[in-house]
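Trainee: I have a new model open on my screen and would like to walk through it with you. Could we begin with some strand pairing and finish with the pocket?

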Amino acid sequence: GRLEVAVESPGGEFIEASITPLSEGLQRVTFVPTVTESHQIAVTWNGVPLPNSPFACLVSNPRMCVATGAGLAGGMLGQPSYFKVSTKGAGPGNLSATVYGPSKPVELTLLARDDDLHSYQYVPVQAGSYIIEIKWDGFLIPGSPYQVRPADSTPAGRCFVKDMPINRKRVGEPVSFIVDATEAERGELSAKVRGPETEDECEVTDVQDGVCAVTFHPKHVGEYTVEIAYDGSPIPDSPLDFTVNDPSRCTVDIDSILIASYHVYQPISFLVSTYNAGEGILRASGKGPRTDFRCNITDEGDSNFRVAFTPTELGSYSIFLLFDGRPFLEEPISIQVKEEKLENIVLTKPTSHAGYHIAGEPITFSISAPNRDPGCFDVTSLGTNTGAMPSVSIRQSGHSTYTVHFKTIYQDDYHVKITYNGTSIPGSPFTIPMRLRPSSDKVVSFDPVVPLTAGNPIEFVFDTSQAGTGTLTANITSSTDESLFVSVQEVSQELYRTSFIPKKND
């Protein structure tokens with residue numbers, strides 16, 4: 001069918017609408033309104049209007065809203081702050097305004113609403129930064145959100161922190177930030193730090209007139225609090241909290257890695273403890289002989305993490321460990337993946353009297369493998385001519401012995417491969433020939449050419465393609481029980497010619 005859409009603006013002008021197929025039975029209609037207010041959307045399918053068509057679409061424009069007033073610039077602590085919002089030309093919608101203080105939302109009062117003009121009042125009582133968020137119909141208006149800092153009548157209230165460190169800090173590395181007191185009267189800035197086994201004065205250094213750098217040197221892992229005062233009174237941003245860690249205190253069970261021997265497709269894992277390193281994120285990546293890869297990390301509780309990966313080829317692997325973005329080992333962990341020695345694995349292949357096995361009959365054979373992981377064995381098989389896939393599995397049958405179960409109903413030579421950790425065991429791969437069971441009643445014979453006369457060869461042709469695997473033999477005797485020589489010749493696969501010469505008419 002055909003979908004048609006017509007969009008009409010409030011002024012009666014039609015707006016172009018584009019239709020984009022998304023999937024069978026689903027299409028997207030897009031149009032760009034240029035004015036606010038209600039638009040009419042008429043939708044038809046094969047010329048027939050949809051139920052409830054035309055539809056009304058209300059269009060608003062938050063960009064037409066304008067906010068003004070001293071309350072958007074700062075104001076004074078403890079005194080009412082005011083601002084107004086004009087929504088003229090913004091179209092249909094609802095106005096919302098919220099003020100967030102340094103620690104919690106602040107009560108905002110709608111003083112008046114006159115057509116398209118809204119007047120608000122709030123009272124900042126806590127020193128610090130305030131955020132004023134204004135939305136029209138759920139969308140931010142121009143300039144919103146506003147960030148303001150009400151002025152304080154005290155010198156300390158007019159001081160604020162700049163260049164606040166964001167990330168976690170490190171033991172032994174200085175933590176520094178700036179305090180701006182240019183709006184305050186001349187006074188003295190002081191700062192004290194409290195942390196694990198720490199209570200000390202911070203270093204306060206003049207950067208320029210009215211601007212100071214505050215610095216402390218954490219010596220232990222944990223949480224630190226810095227209290228900042230100006231002329232003995234706390235400034236609005238005080239206290240400040242910092243988290244300090246020490247990646248060098250992460251430990252790795254490195255001995256368990258270095259003493260082991262690793263092979264292709266053998267899972268490799270080790271433990272990393274971040275218990276004494278503090279708060280942070282552990283990451284692990286690897287570089288193999290040809291490609292880079294990411295290791296799996298599992299939280300095993302109590303700040304212990306298991307790092308694991310599985311090598312897919314022979315060669316050298318390097319594992320890189322980071323705690324909170326920083327390496328904590330002097331060099332990456334180096335692991336060598338070598339070809340696995342499997343001399344103590346003994347395969348006993350299946351045997352048959354005729355050199356082949358009968359299709360449809362199950363075959364079992366054994367593997368002896370002392371001190372081997374049962375989960376590391378794998379067996380696959382495929383017909384070399386037909387591509388048939390037999391039913392094949394390997395199961396543990398004793399402490400160090402395994403039994404392979406093989407069965408198929410199709411005649412073919414089957415390639416069998418048995419691996420341990422991806423490496424073929426001694427004697428693998430090998431071939432299991434499967435043949436149909438011999439059945440003489442399915443041998444088809446073709447009559448000889450007539451006339452038949454003594455002294456001339458008589459030939460018969462036999463087709464054994466449906467008779468299974470076997471050997472065609474022929475015996476001919478005369479009416480006097482005299483045995484005659486018979487020639488049996490395989491003309492092509494499963495097609496035979498037999499011939500003999502009668503000595504007399506009989």
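Trainee: In what sense do β8 and strand β9 pair, and over how many bridges?

Mentor: Keep in mind that this is a predicted model. Strand β9 covers residues 81-86, and the pairing of β8 with β9 is antiparallel.

Trainee: Which residue takes a positive phi in the hairpin of β3 and β4?

Mentor: Start with the two strands: β3 (residues 17-23) and β4 (residues 26-31) are antiparallel and pair over six bridges. Pro21, for instance, has Gln27 as its bridge partner in β4. Between the strands of this hairpin sit two residues, and the one with a positive phi near 80° is Gly25.

Trainee: Now the largest pocket: which residues are the closest to its centre?

Mentor: Good one to end on. The largest pocket holds about 430 Å³ of space. Its lining has five nonpolar, twelve polar and five charged residues. Of the 22 lining residues, the closest to the centre of the largest pocket are Thr464, Gly468, Thr469, Gly470 and Glu494.

Notes:
Residues numbered from 1 in each chain as written. Predicted model: local features only at pLDDT ≥ 70, side-chain atom pairs only at ≥ 80, totals over all residues. Heavy atoms only, no water. 1 Å grid on protein atoms, 1.4 Å probe; cavity = no way out; pocket = protein on both sides within 12 Å on 5 of 7 lines; lining within 4 Å. Points joined across faces, edges and corners; volume = space filled by probe spheres on them. Nonpolar A, V, L, I, M, F, W, Y, C, P; charged D, E, K, R; others polar. Pairing = 2+ DSSP bridges. Helix = DSSP H or I, 4+ residues; strand = E, 2+ residues; numbered from the N terminus.
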